[in-house]
Amino acid sequence: SVLHSITGVVTIQVIIMGSGWSSYEDASAAPLSMLPAKDNGSNTSSSKDEDEKKSDKVPIVYSELYNISFMGIEKLHPFDSCKYAKVANGLANLVSADRFYVPHRLVTDEELLQVHTQKYLDSLRYSFNVAKITEVPPVAVLPNAVVRSRVLNPMRLATAGTIMGAELALRERFSINLSGGYHHACGTAGGGFCVYSDISLAILTAAKHGGIKRAMIVDLDAHQGNGHARDKLAGVFVERNVEVYTLDMYNYSIYPRDMEARRGIDSDVKLRHHTKDREYLQLLRKHLSEAVDSFKPQFILYNAGTDCLEGDPLGCLSVSEQGIVERDEFVFRVALDHAIPILMVLSGGYQPSNGRIIASSIANLHAKFNLFAIPENAGDDSRSKKKKKKK
């Protein structure tokens with residue numbers, strides 16, 4: 001059959017191309033932090049050289065291995081699983097990819113077990129279950145080794161990127177992971193192309209590494225964020241002594257319509273089909289300003305889905321490209337004006353233009369807040385390169 005033929009071809013492809021994951025497979029001895037270890041104070045020339053190389057890094061997290069692609073099967077789901085590369089390429093004129101942070105390992109089972117149950121992680125050993133979560137039926141007939149390599153590993157790496165982003169935001173005041181935002185995944189289940197609960201894990205990371213006691217989730221994906229809401233109801237955050245406030249603006253007429261999870265939303269802003277810029281931005285400004293003033297968060301996780309764009313086949317809202325730019329700018333302005341570390345993740349978006357629009361919005365953030373400027377204490381080599389480009 002066609003599916004069996006695809007299975008054979010993809011298996012061969014994984015054997016040939018699987019080496020890209022070889023350095024990521026063994027994370028048993030992984031460090032607790034996703035960020036590179038800080039210099040121990042030695043004055044060796046090698047450590048100085050390394051410092052100069054890192055000095056012009058920007059808090060954007062990205063790996064080419066985020067992108068999911070195997071024999072076109074990923075096209076059976078409307079989500080553009082290669083949009084992350086489009087965003088990175090769209091930023092090329094603003095900031096080169098060698099200035100990005102790259103996750104150096106997959107998220108480990110031990111880390112995932114902070115949120116997920118062992119039963120749920122075990123269920124991912126069966127391709128049928130992964131097919132249901134990703135909503136791509138042919139995945140069910142693929143060997144699980146293939147599914148792990150071509151579907152789960154990219155998501156585990158992106159989840160590691162979200163965790164790294166949380167640490168970076170605490171250190172640099174902001175960060176952007178060019179993936180993640182799996183807001184339909186919770187500790188016991190996945191769905192809607194979301195396997196791992198990276199948002200909840202980022203909150204726990206902020207609590208662990210930054211001593212954060214009050215965190216806010218601002219979920220502006222067009223779909224209800226039922227995953228992190230269910231984690232909240234399950235006591236995932238309370239057990240770690242962190243209070244979480246959730247502001248969720250979503251189209252209440254579309255998936256997932258999770259009535260139980262709505263109990264975990266503090267500011268539940270339900271939108272109608274075809275909501276346009278004016279109403280959308282007014283609601284955001286009102287509810288986010290009120291939430292920040294009353295809750296006074298110490299960390300913001302911004303789930304910046306772009307499926308609210310006009311024409312999105314699943315989001316069914318009518319926000320313009322300029323509306324997305326203004327939305328992201330407002331969320332960042334609130335965070336930066338209040339000196340609240342913010343981590344942005346990309347979440348959903350189901351149109352070919354999403355990558356370009358996200359890149360344009362990030363470029364606007366830089367223009368307004370000078371996010372990617374090389375700091376004054378950067379290495380001389382970094383500054384000299386910048387001067388040469390201006391000549």
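**Entry 1: terms and model**

Helices (H or I, at least four residues) and strands (E, at least two) are DSSP runs, numbered from the N terminus. I note that this is a predicted model, in which local features need pLDDT of at least 70 and side-chain atom pairs count only at pLDDT 80 or more, while totals for chains, interfaces and linings use all residues. Residues are numbered from 1 along each chain as its sequence is written, and side-chain values use heavy atoms, with hydrogens and water left out.

I looked up the overall make-up and found 13 helices and 7 strands in the protein. Of its 391 residues, 57% are buried, where buried means under 20% relative accessible area, exposed means over 50%, and partly exposed lies in between (1.4 Å probe, protein chains only). I then looked up contacts, meaning heavy atoms within 4.5 Å: among those between residues at least 6 apart in sequence, 77% join residues at least 24 apart.

I looked for Ser63 and found it in the loop between strand E1 (60–61) and H3. Is Ser63 buried or exposed? Ser63 has 5% relative accessibility and therefore counts as buried. A polar atom of the Ser63 side chain lies 3.1 Å from the backbone nitrogen of Leu65; for a polar contact, a pair of N or O atoms must be within 3.5 Å, and within protein one must be able to donate a hydrogen and the other to accept it, while residues adjacent in sequence count only if both atoms are side-chain atoms. From C-alpha to C-alpha, Ser63 is 9.3 Å from His104 in space, although the two are 41 residues apart in sequence.

Which residues does Ser33 contact, leaving aside its neighbours within four places in sequence? They are His104, Arg105, Glu167 and His209. For Ser33 and Glu167, I noted a separation of 134 residues in sequence and 8.0 Å in space, C-alpha to C-alpha.

Two packed helices are described by the angle between their axes and the distance between the axes. Axes are lines fitted to C-alpha atoms, for helices over the stretch in contact, and angles run from 0 to 180 degrees between N-to-C directions.

I began with helix H3 (residues 83–90) and helix H12 (residues 354–369), whose axes come within 8 Å and cross at roughly 40°. That makes H3 oblique to H12, since angles under 35 degrees count as roughly parallel, over 145 as roughly antiparallel, 65 to 115 as roughly perpendicular and the rest as oblique. H3 passes H12 in a right-handed crossing; a crossing is right-handed if the near helix is turned clockwise from the far one by less than a right angle, and left-handed if anticlockwise. On H3 the contact is made by Lys83, Lys86, Val87 and Gly90, and on H12 by Gly355, Ile358, Ala359 and Ile362. I sorted these residues into 4 nonpolar, 2 polar and 2 charged, where Ala, Val, Leu, Ile, Met, Phe, Trp, Tyr, Cys and Pro count as nonpolar, Asp, Glu, Lys and Arg as charged, and the others, Gly among them, as polar. I also listed the buried residues of H3, which are Lys83, Tyr84, Ala85, Val87 and Ala88.

I then looked up helix H11 (residues 321–337), which packs with H12 at an angle of about 40°, the axes being 9 Å apart. H11 and H12 are therefore oblique to each other, and H11 passes H12 in a right-handed crossing. From H11, the residues Glu321, Ile324, Val325, Asp328, Glu329, Phe332, Arg333 and Leu336 meet Arg356, Ile357, Ser361, Asn364, Leu365, Lys368 and Phe369 in H12. This contact divides into 7 nonpolar, 2 polar and 6 charged residues.

**Entry 2: Lys232 and some backbone details**

I found Lys232 in helix H9 (residues 226–233), with a polar atom of its side chain 2.9 Å from the backbone oxygen of Val244.

I checked the peptide bond from Tyr255 to Pro256, which is cis, with omega near 10°; Pro256 lies in the loop between strand E4 (243–251) and strand E5 (267–271).

Phi of His274 is near 65°, a positive value in a residue other than glycine, and His274 is exposed, with a relative accessible area of 51%. Phi of Ser347 is likewise positive, near 55°, but Ser347 counts as buried at 5% relative accessibility.
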